[in-house]
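Reader: Can you walk me through the charged pairs and the nonpolar packing in this one? Keep it brisk.

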Amino acid sequence: MHYHKRRQTCHSKDYCLKAQDFFNQQTMIIKNPFRDDGIDGFIANYKRMYPSCLCPSTPTVYRLIDQDQLAIKNYDLPRKVRLRHLGHHRKRTRQHKKCLSNSIEQRPKVAGRFEIVIKIPDYKADTCFKAVQKAVNEHSSWFKTITFDNGSEFARIDEVKGVNAYFAHPYTPSERGSNENANGLLQEFFPKGKTMSKVTDKYVKRAQNALNNKHRRILGYQTAREVFMAETA
């Protein structure tokens, strides 16, 4: 038994044949339109769930994808493809009749990055004020402070009751780094330049759940939901 296990890892091998269970599961996860894991997160979780099974490393999987040896292709990895198509700017997204409001949980000791994503009709100040107030009212125990950027749509945010509102300094996205990263993750489900007029609340909820169930390296490969629930238990 130990001999065969050592033989698996001591020489060059065809992972596609020797780790069929791994690749079958990974293909199913990655090709899910509401996938809750990327390549690295899936690998970490697979190792945790099946410690005795053969599991390729993250660089190996990406190499096999680039070599076109897997059912997973580069176009199945939106963030990787998006690096080749930079240039969209925020104002273009705001021209949509319907938009998104994204709040991400942050705390001094444990930043779990649990997200609340809400579909709103437009980016008017009154609309954003009402959406934020509704979210705070529905989850009053979840909110203590909220930090916004300096967009005109947040002109009434300091009127929100039940939470302390703050604003980042102008042109300083680093003060809201987790939120900026979360916006990037959301683009997998809501590509820039695409209208949201036909996007349903159910779709938004499924996208939110996919992000909150994603195994993240920064959380020790726990999910944002796991961290959040443990901290609020």
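Predicted model: local features only at pLDDT ≥ 70, side-chain atom pairs only at ≥ 80, totals over all residues.

Reader: How many salt bridges does a search of the whole structure find?

Author: The search finds 7. A salt bridge here is a side-chain nitrogen of Lys or Arg within 4 Å of a carboxyl oxygen of Asp or Glu.

Reader: Which residue does aspartate 76 meet in a salt bridge?

Author: Lysine 31, at 2.9 Å, N to O. The two sit 45 residues apart: aspartate 76 in the loop between helix H5 (58–66) and helix H6 (78–82), lysine 31 in the loop between helix H3 (20–30) and helix H4 (39–49). Helices (H or I, at least four residues) and strands (E, at least two) are DSSP runs, numbered from the N terminus.

Reader: Is aspartate 76 buried or exposed?

Author: Buried, at 14% relative accessible area. Lysine 31 is partly exposed, at 39%. Buried means under 20% relative accessible area, exposed over 50%, partly exposed in between (1.4 Å probe, protein chains only).

Reader: What does arginine 35 pair with?

Author: Glutamate 188, with the closest N and O atoms 2.9 Å apart. That pair links distant parts of the chain, 153 residues apart. Arginine 35 is buried, at 9%.

Reader: And where are glutamate 115 and arginine 216?

Author: Glutamate 115 is in strand E2 (residues 115–120) and arginine 216 in strand E5 (residues 215–216). Their side chains form a salt bridge at 3.6 Å, N to O. Both residues are buried.

Reader: Switching topic. How many residues are in the largest nonpolar core?

Author: It has 17 residues, and Phe22, Phe23, Ile39, Val61 and Ile65 have the most contacts inside it. A nonpolar core is a set of buried Ala, Val, Leu, Ile, Met, Phe, Trp, Tyr and Cys residues joined through side-chain atoms within 4.5 Å.

Reader: Which elements give two or more residues to this core?

Author: H3, H4 and H5. H4 gives the largest share, 4 residues.

Reader: What does phenylalanine 22 touch?

Author: Phe42, Ile43, Tyr46, Leu54, Cys55, Pro56 and Val61, leaving out residues up to four places away in sequence. Contact means heavy atoms within 4.5 Å.

Key. Residues numbered from 1 in each chain as written. Heavy atoms only, no water.
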